[in-house]
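Please open the structure in a viewer and keep the sequence at hand.

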Amino acid sequence: MPQHPTQRLLHQARFLKSAQTVEQCPPDEGYEVAFAGRSNAGKSSAINRLTGQRSLARTSKTPGRTQLLNFFELDEERRLVDLPGYGYAKVDKQTRQQWQHHLDDYLARRACLAGLVLLMDIRHPLKDFDRLILDWSAQAGMPLHLLITKADKLKFGAAKSTLLQVRKTLKDHPAPLSAQLFSATAGTGCDEAWTRLGEWLRMPPPDDDTPAN
């Protein structure tokens with residue numbers, strides 16, 4: 001069976017470097033897609049599923065362990081970025097504020113950022129952190145794609161209802177915005193996510209005979 005062209009690209013992903021500040025990031029060129037989400041949103045699991053690699057992004061039973069900007073190289077001009085997670089991290093207030101500052105700095109200054117994937121647990125959508133990211137994307141005009149994760153935790157009808165409610169709530173969002181259901185466990189929504197990432201990474205569109213999930 002033919003692979004989605006973006007799937008082939010993402011399967012080449014390799015860890016490039018970690019950075020605490022924008023100054024430590026790779027050169028600001030090419031195309032980057034960043035993944036953001038609260039600490040319990042399943043961000044690392046989603047990255048690992050989309051890249052076909054079990055341990056590319058660090059997963060932990062202690063949410064909030066990722067405190068750095070982690071860069072993964074796809075080819076010479078394309079990268080994925082795993083942004084620090086927020087919400088359940090057991091850190092002091094000063095450390096949390098530093099994380100927020102570095103995240104804000106990256107989002108504001110990174111010229112090669114082509115799009116932002118915001119991951120939300122289907123059982124806890126649109127929390128305060130999610131709305132901060134939504135507000136920022138609206139102000140910056142940054143394309144945003146919502147991965148509503150852990151869709152396998154709900155029955156199909158309930159999951160679809162949550163997706164429709166999120167879309168309805170955000171229908172007047174001024175920045176380019178799309179939303180979908182996703183499950184790293186079941187593989188639900190991979191093709192839709194690959195297509196969106198491919199657009200942002202300037203990949204050729206998939207052939208008509210590319211299989212869908």
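Two strands count as paired if DSSP finds at least two bridges between them; helices (H or I, at least four residues) and strands (E, at least two) are DSSP runs, numbered from the N terminus. This is a predicted model, in which local features need pLDDT of at least 70 and side-chain atom pairs count only at pLDDT 80 or more, while totals for chains, interfaces and linings use all residues. Residues are numbered from 1 along each chain as its sequence is written, and side-chain values use heavy atoms, with hydrogens and water left out.

Select β2 (31-37). This strand runs parallel to β5, to which 6 bridges join it; within that pairing, A36 stands opposite L118. A further 5 bridges link β2 to β4 (residues 78-82), also in parallel, and there F35 has D82 as its bridge partner.

Next, select L83, Y106, L107, L116, L118, I133 and L146. These have the most contacts inside the largest nonpolar core, which has 33 residues. Such a core is a set of buried Ala, Val, Leu, Ile, Met, Phe, Trp, Tyr and Cys residues joined through side-chain atoms within 4.5 Å. Its contributors of at least two residues each include β2, α3 (93-109) and β7 (177-181). A second, separate core of 26 residues includes I47, L56, W200 and M203.

Finally, select P5, in helix α1 (residues 5-10). P5 is buried, with a relative accessible area of 11%. Its C-alpha atom is separated by 7.6 Å from that of P205, 200 residues apart along the chain.

Key. Buried < 20%, exposed > 50% of the residue type's maximum accessible area, 1.4 Å probe, protein only.
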